[in-house]
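This report covers strand pairing and the contacts of aromatic rings. The structure comes first, then the description.

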Amino acid sequence: MEDSQIIELYWQKNPDAIAESSRKYGAYCLRISQNILHSNEDAEECLNDTWLHAWNAMPPQRPARLRMFFSKIIRNLSLNRFHALNAQKRGGAELHLVLDELAEFDHRTLEIMRQPLEDRRVTITRASGTVSYPCSFMLVGAMNPCPCGYYGHPKRQCTCTDRQVRQYLNRISGPLLDRFDLHIEVEPVSFDSLSARAKAESSAAIRERVQAAREWQNQRFSGTGIFCNAAIPAGMLQDFCPMDDGAVTLLRAVFDKLGLSARAYDRILKVARTIADLDGSDIIRKQHIASAAQFRSLDRKYWGTGG
């Protein structure tokens with residue numbers, strides 16, 4: 001069957017379109033996937049996904065050459081699976097990226113991270129095509145509030161001008177800052193704190209609470225493909241983040257007072273969900289929202305925006 005006839009079957013949503021595609025291009029596409037994955041089972045799954053992608057793409061698309069159209073789809077699917085499998089072999093799909101002196105990094109380099117932080121994928125576009133890779137990572141950034149490091153210090157005087165402070169802080173854009181779940185200001189440790197005899201909560205006790213919270217999340221997200229609170233899609237927040245009336249009232253007040261963006265709203269809710277898990281609560285309560293909102297104060301204090 002000619003390509004134009006197969007395409008018409010797709011446009012008519014005729015199931016024969018997939019059968020004819022498989023008959024004409026199935027073996028060719030399967031070889032592409034096998035050469036990447038070196039696994040017949042994984043390659044066959046990618047092949048089935050290829051027909052599904054084509055079914056969803058036509059209409060509106062009308063490819064000039066189906067051979068090239070199918071090969072591009074299955075190559076991207078196979079590469080995505082290849083990198084996902086390699087990430088699992090390394091011990092998990094999420095990596096930790098720690099950037100000290102965040103403001104000293106090139107501005108363009110930092111801005112590039114906005115997409116993978118939001119979508120957990122990296123998309124590379126070249127003249128020959130587009131490839132999308134899974135990119136799930138935890139970003140930790142640390143920086144001083146100004147070039148000398150003493151802006152806002154309770155005891156030391158900052159030697160920077162207002163313009164220098166503003167230029168330094170502006171190296172981190174609002175949209176990038178908005179994608180951090182937690183903003184924490186680390187203040188100088190006082191002598192009294194260092195010399196205090198009171199015992200803090202042990203690391204072992206904290207570890208037990210964290211493990212219990214993660215187990216709650218594993219049970220909550222069983223069968224959903226979601227692995228933690230931070231990965232809850234915006235459309236499912238209402239399902240997984242139920243709040244009592246006090247929490248709703250406080251979150252509304254925080255949203256209006258700080259002028260939060262939709263992204264900041266989502267992040268506060270996810271952080272509150274985690275705080276509630278650590279507290280052993282199925283429902284997000286007022287105190288959980290209050291704690292989560294405290295982690296959104298730095299952008300307003302230093303950058304003059306609420307997110």
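Strands E2 and E3 are joined by a hairpin through 2 residues. Strands here are DSSP runs (E, at least two residues), as helices are (H or I, at least four), numbered from the N terminus. The model is predicted: local features need pLDDT of at least 70, side-chain atom pairs count only at pLDDT 80 or more, and totals for chains, interfaces and linings use all residues. Residues are numbered from 1 along each chain as its sequence is written, and side-chain values use heavy atoms, with hydrogens and water left out.

E2 (residues 121-126) and E3 (residues 129-134) run antiparallel and are joined by 6 bridges; two strands pair if DSSP finds at least two bridges between them. Ile124 has Val131 in E3 as its bridge partner.

Rings of Phe, Tyr and Trp (its six-membered ring) pair if their centres lie within 6.5 Å; planes under 30 degrees apart count as stacked, over 60 as edge-to-face and the rest as tilted. The count by this rule is 6 aromatic pairs. Phe255 and Tyr265 form an edge-to-face pair, with 6.0 Å between centres and 90° between planes. Phe255 lies in helix H12 (residues 245-258) and Tyr265 in helix H13 (residues 262-278), so the pair ties together parts that are 10 residues apart in sequence. Phe255 is partly exposed at 30% relative accessible area, and Tyr265 is partly exposed at 22% (buried is under 20%, exposed over 50%, partly exposed in between; 1.4 Å probe, protein chains only). Ring pairs also link Tyr25, Trp51, Phe69 and Phe70 into a cluster.

A charge sits over a ring if NZ of Lys or CZ of Arg is within 6 Å of the ring centre and within 35 degrees of the ring normal.

| Charged residue | Ring | Distance from ring centre |
|---|---|---|
| Arg62 | Trp11 | 4.3 Å |
| Arg67 | Tyr28 | 3.7 Å |
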